[in-house]
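Hi there,

Here is the structure I promised to pass on to you. Please have a look at it first, and then read on for what turned up.

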Amino acid sequence: MNKSVYKIFVLTGLILLVFLISVLNASRIKNTNDIACVPNSGEIFKPHIKLIDNMTYEAFIVARNWSFEPRELYIPLGCDLDIFVTSSDHDYELVIDNKAVNIAVMMGTVMKQTVHFDKSGIYKMKCRDADGTINQNLQSEIIVSEKVKL
């Protein structure tokens with residue numbers, strides 16, 4: 001075998017090894033369980049929010065007819081929000097301003113992501129279209145404050 005071909009094989013193997021180590025390291029550092037596909041129980045099609053314990057809430061969000069339901073979610077400061085989102089008519093991509101949330105929702109599936117809210121304010125949930133632009137008509141809000149009544 002030609003020495004240059006041997007060098008190319010060795011270099012390619014090293015590049016693949018570095019790539020594999022990088023991917024494994026990235027999955028170890030970033031919790032890859034942040035987004036989960038969950039079974040569709042029927043409860044998801046009734047948009048609502050419920051208290052699980054004193055600092056954990058579940059929000060069941062439905063994207064349909066180019067709108068998110070419920071339009072507003074009220075949660076207390078410092079809590080975790082388990083977001084369950086589904087769609088019955090189109091594929092959507094839900095993003096939340098000022099949070100690392102980007103949930104690709106495919107029609108007929110239920111997706112889940114947990115988000116911690118440590119600052120009060122209004123967090124806009126928006127739909128990102130396939131071309132990356134935000135659909136201004138498809139929005140909802142998460143209102144985080146110190147005192148919240150459900």
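Predicted model: local features only at pLDDT ≥ 70, side-chain atom pairs only at ≥ 80, totals over all residues.

**Overall layout**

The protein has 1 helix and 11 strands. Read from the N terminus, the order of elements is α-β-β-β-β-β-β-β-β-β-β-β. Of its 150 residues, 31% count as buried. The accessible surface comes to about 9400 Å², and 59% of that belongs to carbon and sulfur atoms. If you take the contacts between residues at least 6 apart in sequence, 56% of them join residues at least 24 apart.

Tyr6 counts as exposed because its relative accessibility is 54%, and the cut-off for exposed is over 50%. Together with Val10, Leu14, Leu17 and Ile21, Tyr6 makes a nonpolar surface patch of about 490 Å².

**Salt bridges**

How many salt bridges does a search of the whole structure find? The search gives 4, and three of them are described here. As a reminder, side chains of opposite charge can pair when their charged atoms come close.

One of them joins Lys126 and Asp97, with the closest N and O atoms 3.2 Å apart. This pair links distant parts of the chain: Lys126 sits in strand E10 (residues 121-128), while Asp97 is in the loop between strand E7 (92-96) and strand E8 (101-105), 29 residues apart. Lys126 is buried, with a relative accessible area of 16%, whereas Asp97 is partly exposed at 27%.

Strand E10 also holds Lys124. Lys124 forms a salt bridge with Glu141, and here the closest N and O atoms are 2.7 Å apart. Because Lys124 lies in strand E10 and Glu141 in strand E11 (residues 134-145), the pair ties together parts that are 17 residues apart in sequence. Lys124 is partly exposed, its relative accessible area being 28%.

Then there is the salt bridge between the side chains of Glu58 and Lys50, at 3.8 Å from N to O. Is Glu58 buried or exposed? Glu58 is buried, with a relative accessible area of 15%.

**Two backbone details**

Most residues other than glycine have a negative phi, and most peptide bonds are trans. With that in mind, two spots deserve a look.

The peptide bond from Glu69 to Pro70 is cis, with omega near 0°. You will find Pro70 in the loop between strand E4 (67-69) and strand E5 (72-76).

The other spot is Asn98, a residue other than glycine whose phi is positive, near 60°. Asn98 lies in the loop between E7 and E8, the loop that also contains Asp97. With a relative accessible area of 72%, Asn98 is exposed.

**Asn102 in strand E8**

Moving on to strand E8, Asn102 lies there and is partly exposed, with a relative accessible area of 34%. Which side chain does Asn102 meet in a polar contact of 3.0 Å? The partner is the side chain of Glu93. Asn102 and Cys127 are 25 residues apart in sequence, and their C-alpha atoms are 9.5 Å apart in space.

**Ser87 in strand E6**

Last, please go to Ser87, in strand E6 (residues 80-87). Ser87 counts as buried because its relative accessible area is 0%, and buried means under 20%. What does the side chain of Ser87 reach at 3.4 Å? It reaches the backbone oxygen of Ala63. Leaving aside residues up to four places away in sequence, Ser87 touches Ala63, Tyr92, Val105, Met107, Gly108 and Thr109.

I look forward to hearing your thoughts.

Best wishes

Methods: Residues numbered from 1 in each chain as written. Heavy atoms only, no water. Patch = residues over 30% accessible without salt bridge, like charges linked within 9 Å, V, L, I, M, F, W, Y side chains within 5 Å. Areas by Shrake-Rupley, 256 points an atom, 1.4 Å probe, with all protein chains shown as cover. Buried < 20%, exposed > 50% of the residue type's maximum accessible area, 1.4 Å probe, protein only. Helix = DSSP H or I, 4+ residues; strand = E, 2+ residues; numbered from the N terminus. Polar contact = N/O pair within 3.5 Å; in protein donor to acceptor, adjacent residues only side chain to side chain. Contact = heavy atoms within 4.5 Å.
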